[in-house]
Amino acid sequence: MVANPQTIITGINLDDYAGRLSRLGPALDKIGLYGERQLKLAIARGRKLSGEPLAPLAPSTKAEKRRRGKARGILRRDGQLAASITSTRTSGSEVQIGTNLGHAPWVILGTRPYKIRPKRKPTLVFYTADGWRSAKEVNHPGLPERNIFEGADQVIGPYATATISAYLETGEP
């Protein structure tokens with residue numbers, strides 16, 4: 001007797017699996033929404049997806065946030081970063097979760113030290129932990145890395161695996 005997959009694995013039609021594998025869209029959409037929620041929660045908690053705390057704010061940044069009465073959390077100046085987190089299905093087998101903010105790479109990945117010079121006025125005027133200051137040039141120490149995506153494989157990966165497995169079994173994500 002020659003065995004085929006249908007006789008070895010009883011009750012499972014591999015053609016159904018093949019069809020579902022070619023139509024993963026609903027499962028990918030569910031995974032994308034889960035990833036969005038997890039990233040927004042990480043920002044709200046001031047943590048990376050791994051659970052590790054984000055680098056603390058500089059004293060001058062804390063002072064400026066107090067002066068303006070703005071949100072006191074890390075990566076939470078005006079809510080733009082969290083609001084910009086979206087997921088997009090880029091192919092039949094891939095979903096990307098991220099942000100399209102132009103300044104996000106510097107905020108998330110950090111920067112090297114750099115100089116700040118005035119563009120429209122002769123001097124810079126800025127607020128520090130010691131109050132208002134002015135200068136013709138400022139040596140900024142750079143931004144620390146605050147990679148909220150760190151740990152995505154541990155947080156989103158198991159959910160993605162379970163969601164795709166359930167979808168293959170039932171056809172429902």
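Leaving aside its neighbours within four places in sequence, with which residues is T163 in contact? The views below begin with the helix pair around this residue. The model is predicted: local features need pLDDT of at least 70 and side-chain atom pairs count only at pLDDT 80 or more, whereas totals for chains, interfaces and linings use all residues. Residues are numbered from 1 along each chain as its sequence is written, and side-chain values use heavy atoms, with hydrogens and water left out.

**View 1. T163 in helix α7.** T163 lies in helix α7; helices (H or I, at least four residues) and strands (E, at least two) are DSSP runs, numbered from the N terminus. Apart from neighbours within four places in sequence, T163 is in contact with A27, K30 and I31, where contact means heavy atoms within 4.5 Å. The relative accessibility of T163 is 5%, so this residue counts as buried. Buried means under 20% relative accessible area, exposed over 50%, and partly exposed in between (1.4 Å probe, protein chains only).

**View 2. Packing of helix α3 with helix α7.** Two packed helices are described by the angle between their axes and the distance between the axes. Helix α3 (residues 25-45) packs with helix α7 (residues 152-170) at an angle of about 155°, and their axes are 10 Å apart. α3 is therefore roughly antiparallel to α7. Axes are lines fitted to C-alpha atoms, for helices over the stretch in contact, and angles run from 0 to 180 degrees between N-to-C directions. Angles under 35 degrees count as roughly parallel, over 145 as roughly antiparallel, 65 to 115 as roughly perpendicular and the rest as oblique. From α3, the residues P26, A27, K30, I31, Y34, G35 and Q38 meet V155, I156, Y159, A160, T163, I164 and Y167 of α7. By class, this contact of α3 with α7 has 10 nonpolar, 3 polar and 1 charged residues. Ala, Val, Leu, Ile, Met, Phe, Trp, Tyr, Cys and Pro count as nonpolar, Asp, Glu, Lys and Arg as charged, and the others, Gly among them, as polar.

**View 3. The largest nonpolar core.** This core has 19 residues, and those with the most contacts inside it are I43, L49, L75, L81, I148 and I156. At least two residues of the core are supplied by each of α3, α6 (104-109) and α7. α3 gives the largest share, 5 residues. A nonpolar core is a set of buried Ala, Val, Leu, Ile, Met, Phe, Trp, Tyr and Cys residues joined through side-chain atoms within 4.5 Å.

View 4. L75 is found in the loop between α4 and α5 (80-84). Most residues other than glycine have a negative phi. L75, although not a glycine, has a positive phi of about 60°. With a relative accessible area of 15%, L75 is buried. Not counting residues up to four places away in sequence, L75 touches I43, L54, L81, V107, R146 and I148. R76 is in the loop between α4 and α5 and is partly exposed, with a relative accessible area of 34%.

**View 5. Helix α4 and its end.** A63, E64 and K65 are buried in helix α4 (residues 59-68). The buried residues of α4 pack against β4 (124-128). Just after α4, G69 takes a positive phi of about 70°.

View 6. R47 lies in the loop between α3 and α4 and, at 34% relative accessibility, counts as partly exposed. Not counting residues up to four places away in sequence, R47 touches A42, E52, P53, L54 and I148. G92 is in the loop between β1 (86-91) and β2 (94-98). The C-alpha atoms of G92 and S22 are separated by 7.1 Å, although these residues are 70 residues apart along the chain.
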